[in-house]
Every structure is written in structure tokens, then in C-alpha cells.
Amino acid sequence: DLAVSPICDAFQSSTHPILREHCAQYLQMLLQRLLSFEKNESSGSGVGLEDESDFLAFESVILQGLNDSSAAVRKLSVELYGLFQQLNPNRALGIYRKLDPSVQRRLPNITNLKHASLQHSKSVSNTLTPNRRPNSITLNDSNHSMINK
């Protein structure tokens with residue numbers, strides 16, 4: 001048992017930034033340890049986030065931490081997100097999609113899934129947005145010719 005729920009509950013219910021910071025540090029160490037087990041063990045070792053509630057708890061902590069009033073907690077939450085992304089890129093993408101764009105910019109590069117998603121949205125927006133550049137050039141040329149007259 002990894003004691004994820006009590007730490008996540010303490011993080012989410014605490015009004016004290018130092019306690020939230022220490023909870024985030026513990027969760028960060030936990031994810032680092034899980035990732036090192038994952039790299040060192042080729043077979044299932046029984047260590048990991050096996051329960052759906054553990055994943056949901058981490059997701060909630062990351063979402064709350066990225067918008068925390070404490071700069072230290074926000075910084076740790078960005079690092080926590082990066083580790084969570086390595087552990088489960090699909091779930092990290094789900095977190096990413098729930099965030100405000102200003103928060104998204106603070107996060108480390110997410111997997112190729114994000115890149116593909118952004119490329120798709122750019123191509124759709126390019127086909128829907130008319131190119132206004134020729135009109136501005138024409139307008140400038142006509143203004144220039146009117147000034148010369």
C-alpha cells in the first residue's frame with residue numbers, strides 16, 4: 001500500500017501552504033520511486049498505482065496544485081505533472097486538457113499526443129480563418145497612392 005489517499009486528502013484539505021508543499025514533495029518522491037521501479041523491473045513487481053482511485057487522487061492534487069496560491073506548491077506541482085506524464089501519458093493529457101492555457105504553458109512538453117492534438121487544431125483553425133494579409137497590403141498600397149496624389 002502506497003499511502004496515496006491520506007497524503008492527497010491532506011493536500012486537498014489543508015489551508016497551510018507548507019503542509020501542501022510537504023505533501024507535494026512526498027508525492028513527488030513516490031512517483032520518482034515508482035518510475036525507478038518501472039525502469040528496473042521488467043516483470044510486474046506489484047508496486048505501482050494499481051487502483052483507479054490512486055490515479056484520480058494524483059490527478060486532483062496536480063490540478064489543484066497547479067493553481068495553488070503558493071509559488072512553491074505550483075512549482076512542485078509542475079514537477080509532479082512531469083513525473084505523472086512519464087508514468088501515464090494518456091492521463092497526463094487528460095489533466096492538460098482541463099487546464100487554462102496560461103497554466104498549460106508552464107508545463108513540460110507533453111507526449112506526442114499533445115503535439116498531434118495541437119497540430120490538428122492548428123490545421124482546422126487555419127482552414128477556418130481567412131488570410132487577411134493581402135487586404136492589409138492592398139489597403140497600405142491604396143493609402144500610399146492617395147498620399148502621393
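**Exercise 1.** How many helices and how many strands does the chain have?

*Solution.* Start with the definition: helices (H or I, at least four residues) and strands (E, at least two) are DSSP runs, numbered from the N terminus. By that rule the chain has 8 helices and 0 strands, and its pattern along the sequence reads α-α-α-α-α-α-α-α.

A friendly note before you go on: this is a predicted model, in which local features need pLDDT of at least 70 and side-chain atom pairs count only at pLDDT 80 or more, while totals for chains, interfaces and linings use all residues. Residues are numbered from 1 along each chain as its sequence is written, and side-chain values use heavy atoms, with hydrogens and water left out.

**Exercise 2.** Find what the buried residues of helix 4 pack against.

*Solution.* First pick the buried residues (under 20% relative accessible area, 1.4 Å probe, protein chains only); among them are V73, L76 and F84. Then look for contacts (heavy atoms within 4.5 Å). The partners are helix 1 (4-13), helix 2 (17-40), helix 3 (52-66) and helix 5 (89-98).

**Exercise 3.** Is D68 buried or exposed?

*Solution.* Locate D68 in the loop between helix 3 and helix 4. Its relative accessibility is 7%, so D68 counts as buried. Next, follow its side chain, which reaches the backbone nitrogen of S70 at 2.8 Å. Finally, leaving out residues up to four places away in sequence, D68 touches R20, V73 and R74.

Conventions. Buried means under 20% relative accessible area, exposed over 50%, partly exposed in between (1.4 Å probe, protein chains only). A polar contact is a pair of N or O atoms within 3.5 Å; within protein, one must be able to donate a hydrogen and the other to accept it, and residues adjacent in sequence count only if both atoms are side-chain atoms.
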